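Thanks for coming. Please have a look at the model on the screen before I start.

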Amino acid sequence: MTGCRPAPTVLPPSLRVWLGLIAALAALVVVVLGVLYAGHSQPGRVDRWIIQPTADSVRPPWRYVALATDFLGEPAGAAMLVVAAVTGCLLLRRPRAAVLVVLGVGMTVATATLLKHLVGRTIHGDGNLSYPSGHTAFLTALALIVALLATGRLGLGRTAGTSLVLAAALVAGAAMGWAQVALGAHYPTDVLGGWCTALAVVPATAWLVDRTADRLDDRTADAGRREPL
């Protein structure tokens, strides 16, 4: 019986330590901001410094750009992006990566939703929970996952891989964060919280996917070796 080549990991080994440290720091930021703004319904000092010239004041054509970006975080737009990413992974014969897309995005959005209810910060009325920004968390998570897969496929080292992952997260988070603040949907600190939520959840989910898949592969290999000839 010939051995099978192991499936490529979704969390490149060269990035595990650095992304682990970044995830821990991001989780700390999420907690600190959540404690600071728990139960608040007004912008904080940092928010007031940023939000005055941008909140709900963006004009066409930039308003159309903001609305289009916001759509990517809505259920229909998010579903389109996830389906496209999963399809790409399957076409590249990377089922483990497809699983990460679904679980990574799902866990990030679920975490952001849970935090909204725990923190209880609101904007424009009691029914509009705002911290952290789920839109920002979603797009950042998807960008992180795509960057992780690109890093593994291109065989990038620690420095180049970490730079690519962080750059993708920064671009996606900044784009969606700008749209959310410009449209008056979130405070800037909500955006930061959503960005950090993705940075904390995605690496942990990727590690879990790899660990679970490796265990299943080992069990399958062991069962194959025990089969009678």
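First, the ground rules. This is a predicted model, in which local features need pLDDT of at least 70 and side-chain atom pairs count only at pLDDT 80 or more, while totals for chains, interfaces and linings use all residues. Residues are numbered from 1 along each chain as its sequence is written, and side-chain values use heavy atoms, with hydrogens and water left out.

How many salt bridges does a search of the whole structure find? The search gives four. By salt bridge I mean a side-chain nitrogen of Lys or Arg within 4 Å of a carboxyl oxygen of Asp or Glu. As background, side chains of opposite charge can pair when their charged atoms come close.

Start with aspartate 47 and arginine 121, whose closest N and O atoms are 2.7 Å apart. Aspartate 47 lies in helix H2 (residues 45-51), and arginine 121 in the loop between helix H5 (95-119) and helix H6 (134-154), so this pair ties together parts that are 74 residues apart in sequence. Helices here are DSSP runs of H or I, at least four residues, numbered from the N terminus.

Are these two residues buried or exposed? Aspartate 47 is buried, at 0% relative accessibility, and arginine 121 is also buried, with a relative accessible area of 0%. Buried means under 20% relative accessible area, exposed means over 50%, and partly exposed is in between, using a 1.4 Å probe and protein chains only. Asp47 and Arg121 also belong to a network of salt bridges that includes Asp190.

Now to arginine 96. Arginine 96 forms a salt bridge with aspartate 210, the closest N and O atoms being 3.0 Å apart. Aspartate 210 is in helix H8 (residues 188-226) and arginine 96 is in helix H5, 114 residues apart, so the pair links distant parts of the chain. Both ends are buried: aspartate 210 has a relative accessible area of 3%, and arginine 96 has 8%.

Arginine 96 also meets aspartate 214 in a salt bridge, at 3.2 Å from N to O. Aspartate 214 is partly exposed, at 32% relative accessibility.

Last, helix H6. Its 21 residues should span 30 Å at 1.5 Å a residue, and the end C-alpha atoms are 30 Å apart, which agrees. The expected span is 1.5 Å times one less than the number of residues. Of the 21 residues in H6, 16 are buried. Just after H6, glycine 155 takes a positive phi of about 65°.

Note on methods:
Helix = DSSP H or I, 4+ residues; strand = E, 2+ residues; numbered from the N terminus.
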